[in-house]
Amino acid sequence: MEFNYKAVDRNFELFQGVIGAKDLEEAKREVYNLGLRPLSLQEKKGGLKRALGSRKLSYKEMALLFQSMALLAQGGLDFPSIFRLLSRQKKSWKGQALRKMEADIDRGSLLSQAFDRAEIFPPLVSSMVQAGEESSSIERVLGDLGKEYEDRAHFRDKLVVALTYPLILLLTSFVVVQIVLRFVLPVFRDVFSGQEASLPWQTRFLMGASDHLSLYGNFYLLAFLCLVLALLVAYRKGPGRARLHRLRYQLSPLYRLHFQLSFAQSLSLQVGSGVPLLVALANIQVLSDNVYIQGEISQLARRLLRGQGFSEAMEAGGLIGEDWLIILKSGEEASNLSQTLGVLSRFLKHDLEHKLVSLSSLVEPVLIILMAIFVAFIVFAIAIPMFDLSNQL
C-alpha cells in the first residue's frame, strides 16, 4: 500500500510525498524514521476510489456530529455505542466512516486514533481529542468542537448570502451586454443600412462593437478561459507558485482577513483544549494550501523554538497586522493565550463581516448604475437615428 503524507521536520519545514507501507501504523513509523513528524497520512487512491476517499464533512455536519457525541457521552454511553447509533442515521459514505471508527475502537484504538484514521476530519480534530483524552475532558472538547464548527458554518452562510446577490447581478449584466451586442443590435443594421454617414457616433460605435464581437467574441472567450486555466495551473504547480501565493495574500484584504480569522479561531480552540502550541501551528499549516502561509507558519515556529515570545514571533512575520498585535501582547502579559486569541477572533470576525457588508453595499449600486448607463447609451444610440429616419419619411 502507498500513503500520501504531510509532515514537518525539526525546523518546522513542511514536507509531503508518498511512502510505501503495509498499514497506517507502519507508514507513520516510516515517516518518523525519516526524521519527520507526520501531520496527515492518507492511503493513496486512484480513479473513482480516490474521489470517494477524499470526501470531507462540512462544517454543519461536523457541528451536528460533535454536539451529538458530546450529549451522548455526557449521558453515559461509550463511544462504540455512540458511533453505532449515529451510523444508523447515515446510510451514505458518512455512515461507513462512522462504522469504521466504531470498529477501530472495538479493536482497542484510542478515540483520537479513530478520528485520525477516518480521513474525513481535519488534523486539528484528532489533536484536540488526544488532548482531551490526556486531560480526561473529552466531553468538553467534543462540545467545544461542535460549537466552533457551528460558528464557522453560520459565518460561511453569512458570507455566501453577502456575495450571492452581487455575483448574480454581475453575471446578469454580462449576459445582457452579450445579448444586446450580438443579437439585438444586428436587427437594426438593416433599418440603418445606407445611412452610416449620417448616423451619430454612438450608433456607429455600437454597430462596430457588435460586428467585432460577432467576429472575435468566441476567440476572446477562449483566450480568457485559457488565461484562467494558465493562472490556476501556475497557482497550483507552476514555478512562480510561491510568488502568486504571496501576492494573493498581500493584495487581497478579504482573503488575508479570512485567514487571520481562521488562524485565530483554530489556535484558540486547540490551545484552549490543551494541544501544544507548536502542534497546533503544525495542524493549521497542513490545512492551508497557500505556500506563502505555510512558510510564514514554519518561520513562526522556528522563532518560538529559539525562545521568542508568541507576540514577538508574530510581529516579526507577516501573517497579522500591527493593530491586532496589541491584543496579543496584552494577552501574553496576562498569560492567557487561548482567551486572548478568542478575543482577537471576535474582533477579526466583526471586521470581516463589516467589510463584506460594505463591499456588498458598494458593489450593488455601482453595478446597477453601470447597467443603467449602458442601457441609456443603447436607447439613445438607437432612438436618435430612428427619430431622424421617421422625420425623413
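**Helix packing, cavities and confidence**

Guide: The axes of helix H12 (residues 277-287) and helix H13 (residues 291-305) come within 10 Å and cross at roughly 170°. Axes are lines fitted to C-alpha atoms, for helices over the stretch in contact, and angles run from 0 to 180 degrees between N-to-C directions. Helices are DSSP runs (H or I, at least four residues) numbered from the N terminus. This is a predicted model, where local features need pLDDT of at least 70 and side-chain atom pairs count only at pLDDT 80 or more, while totals for chains, interfaces and linings use all residues. Residues are numbered from 1 along each chain as its sequence is written, and side-chain values use heavy atoms, with hydrogens and water left out.

Visitor: How are H12 and H13 oriented to each other?

Guide: Their axes cross at roughly 170°. Angles over 145 degrees count as roughly antiparallel. H12 and H13 are therefore roughly antiparallel.

Visitor: How many nonpolar residues does the contact of H12 with H13 have?

Guide: Contact means heavy atoms within 4.5 Å. On the H12 side are Leu-277, Leu-278, Leu-281, Ile-284 and Gln-285, and they meet residues of H13 including Ile-297, Leu-300 and Leu-304. Ala, Val, Leu, Ile, Met, Phe, Trp, Tyr, Cys and Pro count as nonpolar, Asp, Glu, Lys and Arg as charged, and the others, Gly among them, as polar. By these classes the contact has three polar residues, no charged ones, and a nonpolar count of nine.

Visitor: At what angle do H6 and H7 pack?

Guide: H6 covers residues 111-118 and H7 covers residues 123-134. Their axes are 8 Å apart, and the angle is about 175°.

Visitor: Which helix supplies the largest share of the lining of the second largest cavity?

Guide: A cavity is a set of points on a 1 Å grid over the protein atoms alone where a 1.4 Å probe fits but cannot get out, and lining residues have an atom within 4 Å of a point. The lining of the second largest cavity includes Phe-259, Met-314 and Leu-348. H11 (253-272) and H16 (337-392) each supply at least two of its residues. The largest share, four residues, comes from H11.

Visitor: Which helix has the lowest mean pLDDT among the elements of the protein chain?

Guide: pLDDT is the predictor's confidence in each residue, from 0 to 100. The chain mean is 80, and 90% of the residues reach 70 or more. Helix H3 (residues 59-74) has the highest mean among the elements, 91, and the lowest, 43, belongs to helix H2 (residues 47-53).

Notes: 1 Å grid on protein atoms, 1.4 Å probe; cavity = no way out; pocket = protein on both sides within 12 Å on 5 of 7 lines; lining within 4 Å. Parallel < 35°, antiparallel > 145°, perpendicular 65-115°, else oblique.
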